[in-house]
Amino acid sequence: MTRTISKDDPTLFVDSPAALIDAVPPFPPRSEREAEFYALRDGEMLINLGPQHPSTHGVLRVVLKIEGEKIVDLDPVLGYLHRGVEKLCENSDYHQAICYTDPLEYISSLFMELAPVMAFEKLLDLEVPRRAEYIRVLTCELNRVSSHALYMGWQALDLGGLTPILYAFIERDEIVEMLAAQTGQRMLFNYFRIGGVNGDLNHDFMSRLGDWMSRALKQIEANERLLNENEIFLNRTRGLGVLDREASLRLGMTGPNLRASGVPYDIRRAHPYGVYPELAFDVPTRQEGDSYARYLLRLDEIKQSIAIIDQCLHKMPDGPVMAKIPRLIRPRPGRAFAAVESPRGQYAIYAISDGTDQPFRMHLHDPSFVNLQAMGAVLPGNLIADTMAIFASLDPIMGGIDK
Amino acid sequence: MDARLARRLEARFGDRLIRPVAGRHDETEVRIAAADVPEVMRTLHDDPEFSFNVLADLCGVDTGDAMQVVYHLWAEPAVTRDWLRVIVDGLARDDPRCPSVTFLWKGAEWQERETYDMFGIVFEGNRDLRRIYMPPDYTSFPLRKDFHLADDAARGSGEGVRHMEQMRSPAAATASNTRRRAKVD
């Protein structure tokens with residue numbers, strides 16, 4: 001059977017590429033900066049990166065203004081994942097609000113529960129049992145290790161190295177299974193409660209934890225050997241995406257990204273919460289401020305976290321894990337602000353109570369949202385090929401950015 | 001509340017503070033008017049006596065009567081161990097305007113965009129004040145207390161979406177909304 005190829009054959013040609021988003025917005029500029037960005041000079045062109053790009057860690061669209069291979073400017077377009085979590089929280093009671101905040105940063109969801117729980121406890125003037133505080137720190141630090149371990153894999157994956165993520169997932173899976181044994185969930189744990197935690201540590205969790213602790217450091221060091229001295233990895237991270245101390249402070253960055261630029265701002269020390277004042281650990285900093293420093297800093301933090309877990313296990317007191325609180329809570333009118341050090345930086349909740357059982361206003365401050373702005377400062381002047389390498393080193397999670 | 005910090009704030013800013021310095025737990029709270037924002041924030045940031053060099057958070061609040069912009073600042077433990085909360089109070093609900101702090105913290109740009117997107121508060125001096133989450137052709141401000149999804153859906157493409165309060169108890173929806181307004185100051 002012969003088949004003539006015609007231009008009208010729908011299987012061969014697509015007339016209207018409906019799935020493409022035009023880089024230039026179809027409306028007049030809304031701000032000074034937008035007008036400036038979309039006015040092109042000779043030799044410049046716009047391209048879309050995303051929204052469905054595998055290495056944007058979610059759904060992010062970045063309009064890049066390029067000249068040849070060099071990036072001149074960029075305009076990130078957010079909101080593809082916006083779910084209106086703040087509004088949802090205003091319409092749910094205090095216990096329900098925790099379930100909404102927890103899937104925001106799905107990689108480190110225990111931190112996303114901790115901040116609202118702490119803010120509500122402040123509103124209620126509630127004292128949390130010491131054992132619950134220790135359990136919170138213990139599980140959070142485990143979560144931090146899994147998050148940072150996964151970051152190691154991602155950073156390499158975005159540079160084209162496929163192997164490290166497989167090892168990173170071994171690390172992460174062990175911790176996630178461990179936390180699943182304790183909380184009943186693999187990703188969205190929903191473990192912290194206002195006034196404590198949901199259930200004391202069980203035998204399954206403790207035996208898995210003991211098993212993992214005996215080889216955690218060795219495993220991390222094996223992963224280090226895989227990447228730290230790799231020539232390709234060094235060439236594509238060292239000296240790229242440099243942010244100095246002053247610039248990163250002005251950008252409002254927090255977390256490992258800020259500490260890699262030499263500012264020792266860590267909420268666990270800068271504004272201690274929980275039982276962190278009783279624990280001995282260092283706040284590692286680096287001076288270089290490039291992608292490689294951000295990578296190394298997270299490795300240092302993993303080691304500190306393992307040390308904290310070890311201390312928690314030795315110092316943990318006996319006792320109850322929940323304070324006595326009523327099922328339906330109505331804090332007296334007031335305002336509370338609580339911040340925790342999440343693996344991506346300062347995650348904060350600002351809650352206002354009007355005396356009813358629902359928060360009057362609940363604001364979520366997400367570290368990735370602020371850190372992502374650094375893209376505009378570090379990317380111009382770099383090659384398109386390095387965009388994703390630098391982007392990955394900032395370690396943003398779009399679920400948290402878009403709320 | 002940090003009493004030492006409160007005394008210094010009162011001595012420094014005096015009658016610029018709309019209300020006496022308040023606070024609970026590890027938070028110290030001051031209230032200022034919109035016109036004083038650039039100068040007060042610059043003093044808090046630059047003056048070695050305060051040196052609040054980290055902008056921990058920026059957000060908007062709709063109390064039902066007025067709009068507020070709320071900043072949370074952090075300083076070295078030697079200055080204070082508290083969070084400093086600066087509330088810009090009494091912005092008119094029909095035309096809320098507040099000076100931008102992007103001249104001190106470039107990173108406030110997106111947070112101000114978010115506040116504009118959700119509350120319609122215009123930050124004068126922010127070069128990039130446009131919506132950040134909602135689509136560009138969107139006209140409402142979703143976190144305002146007078147926002148109803150049902151009204152909004154009738155205007156836009158989300159027609160047929162019901163507000164969650166109505167889903168829970170349709171009859172009580174209006175009453176509960178009225179009750180929840182104008183309670184916080």
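Over all chains, the count comes to 52 salt bridges by the rule applied here. The model is predicted. Of these salt bridges, the rule finds nine across the interface of chain B and chain A.

**Interface of chain B and chain A**

- In this interface, 57 residues of chain A are in contact with 61 residues of chain B.
- The two chains bury about 5200 Å² between them, and carbon and sulfur atoms account for 52% of that area.
- A salt bridge links A:Glu32 to B:Arg127, where the closest N and O atoms are 3.2 Å apart.
- As a general point, side chains of opposite charge can pair when their charged atoms come close.

- A:Asp204 and A:Arg208 form a salt bridge, with 3.2 Å between the closest N and O atoms.
- Both residues belong to helix α7 (residues 203–213) of chain A.
- A:Arg208 and A:Asp204 are four residues apart, which is about one turn of the helix.

**Helices α3(A) and α4(A)**

- Helix α3 (residues 94–101) of chain A packs against helix α4 (residues 109–124) of chain A at an angle of about 155°, and their axes are 8 Å apart.
- Because an angle over 145 degrees counts as roughly antiparallel, α3(A) is roughly antiparallel to α4(A).
- The crossing of these two helices, α3(A) and α4(A), is right-handed.
- On the α3(A) side the contact is made by A:Tyr94, A:Ala97, A:Ile98 and A:Thr101; on the α4(A) side it is made by A:Met112, A:Glu113, A:Pro116, A:Val117, A:Phe120 and A:Leu123.
- By class, the residues of this contact are eight nonpolar, one polar and one charged.

**Helices α6(A) and α8(A)**

- The axes of helix α6 (residues 163–183) and helix α8 (residues 216–227), both of chain A, cross at roughly 165° and come within 10 Å.
- The two helices, α6(A) and α8(A), are therefore roughly antiparallel to each other.
- The crossing of α6(A) and α8(A) is left-handed.
- From α6(A), the contact involves A:Pro164, A:Tyr167, A:Ile170, A:Glu171 and A:Glu174; from α8(A), it involves A:Ala216, A:Gln219, A:Ile220, A:Asn223, A:Leu226 and A:Leu227.
- These contact residues divide into seven nonpolar, two polar and two charged.

**Helices α7(A) and α13(A)**

- Helix α7(A), which also holds the salt bridge of A:Arg208 with A:Asp204, packs with helix α13 (residues 291–315) of chain A at an angle of about 135°.
- The axes of α7(A) and α13(A) are 12 Å apart.
- The helices α7(A) and α13(A) are therefore oblique to each other, and their crossing is left-handed.
- In this pair, A:Met206, A:Leu209, A:Trp212 and A:Met213 of α7(A) meet A:Ile306, A:Ile309, A:Asp310 and A:Leu313 of α13(A).
- The contact of α7(A) with α13(A) has seven nonpolar residues, no polar residues and one charged residue.

How values were computed
Residues are numbered from 1 along each chain as its sequence is written. Chains are lettered from A and ligands numbered from 1 in the order in which they are written. This is a predicted model: local features need pLDDT of at least 70, side-chain atom pairs count only at pLDDT 80 or more; totals for chains, interfaces and linings use all residues. Side-chain values use heavy atoms; hydrogens and water are left out. Axes are lines fitted to C-alpha atoms, for helices over the stretch in contact, and angles run from 0 to 180 degrees between N-to-C directions. Angles under 35 degrees count as roughly parallel, over 145 as roughly antiparallel, 65 to 115 as roughly perpendicular and the rest as oblique. A crossing is left-handed if the near helix is turned anticlockwise from the far one by less than a right angle, and right-handed if clockwise. Contact means heavy atoms within 4.5 Å. Ala, Val, Leu, Ile, Met, Phe, Trp, Tyr, Cys and Pro count as nonpolar, Asp, Glu, Lys and Arg as charged, and the others, Gly among them, as polar. Buried area is the accessible area (1.4 Å probe) that two parts lose on being put together, summed over both. A salt bridge is a side-chain nitrogen of Lys or Arg within 4 Å of a carboxyl oxygen of Asp or Glu.
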